[in-house]
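Got your viewer open and the cartoon showing? Let's walk through it one selection at a time.

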Amino acid sequence: MGRKTKFTIQLLVAGFFVMMLTTFLMTENYSLSSGNADVADLESVEDGVYAGSADGFNGPINVEVTVDGGKITDVNVLSHTESDGISDPAFDEIPAAMVAGNTTEVEVVSGATFTSTGLMAAVNNALSGEPGEASETPVEDTEEETVIEPSENVFVDGTYEATVDGHNGPLSVEVIVEGGVITSVEVTENEETEGLADPA
C-alpha cells in the first residue's frame with residue numbers, strides 16, 4: 001500500500017471520527033449516563049401532595065406533585081418564566097409521561113431540553129421533601145417590569161431607517177418621530193428565528 005493511499009485512509013477515518021463526535025455532541029437528547037442520581041425513589045415516598053422548584057431555561061419552575069397509592073397521579077406546574085410556545089410541549093408532555101410511567105425520569109422534549117430537565121428536576125426536588133411543604137422554598141418570580149425613563153434628547157421629526165446585524169443576519173427598522181417624540185418603531189426586515197425572536 002502506497003504512502004498516499006495510507007494517508008488518505010487515515011484522513012477518512014479521522015474525518016469520520018470527528019463527524020460522529022460532532023453529531024453526538026450536537027444531538028439534543030444525548031446523555032453521558034443512563035442514570036440520574038437525583039431521581040426520586042418512589043417506593044419510599046409517602047402519599048400526599050408535594051411542592052418543589054428547580055431552574056428552567058429562563059428561571060424557576062415551581063411544581064406541585066400528587067402521590068396516591070404509591071404512584072404519581074398528578075404533576076401540576078404552578079409557575080414558570082419559560083418562553084410561551086417553545087416550552088409548551090414540555091409542560092404538556094413531561095407531566096403526562098411521568099403519570100403514565102409512574103417515574104420522574106422520562107424523555108426530554110426536543111426543542112425544549114432545558115425546560116424538560118428543569119421540570120424533571122423540580123418534580124424530583126418536590127418528592128425529596130415532606131408532603132404539604134416544599135423541600136426547598138420555591139423561588140419567587142422576581143422579574144420586574146422594565147421602566148424606561150423619557151430621554152432628554154430632542155428628536156427631529158421625520159422617518160428614519162437603519163440596518164444592523166442581528167443574530168442570524170441583517171435587521172432593519174423604521175422609526176417615525178412626530179412632535180419631537182418617537183411614535184413608531186417597526187421592524188421591516190429580519191432573519192431571526194421565529195418563536196425565539198418574537199417576544200423581542
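Start by selecting α3, which is mostly covered: twelve of its 15 residues are buried (under 20% relative accessible area with a 1.4 Å probe, protein chains only; exposed is over 50%, partly exposed in between). Before you zoom in, note that this is a predicted model, with local features needing pLDDT of at least 70, side-chain atom pairs counting only at pLDDT 80 or more, and totals for chains, interfaces and linings using all residues. Numbering runs from 1 along each chain as its sequence is written, and side-chain values use heavy atoms, with hydrogens and water left out.

To grab α3, type residues 113-127; from first C-alpha to last it reaches 21 Å, close to the 21 Å expected at 1.5 Å a residue (that is, 1.5 Å times one less than the number of residues). Helices here are DSSP runs of H or I with at least four residues, strands are E runs of at least two, and both are numbered from the N terminus.

Show side chains for the buried set, which includes T113, L119, M120, V123 and L127. What do the buried residues of α3 pack against? Colour β1 (48-55), β2 (60-68), β3 (71-79) and α2 (88-101) to see the answer.

Next, select β4 (158-165) and β5 (170-178): they run antiparallel, joined by eight bridges (strands pair if DSSP finds at least two bridges between them). Click A162 and look across to its bridge partner, V173. Four residues separate the two strands of this hairpin, and G169 in the turn has a positive phi of about 160°.

Technical notes. Contact = heavy atoms within 4.5 Å.
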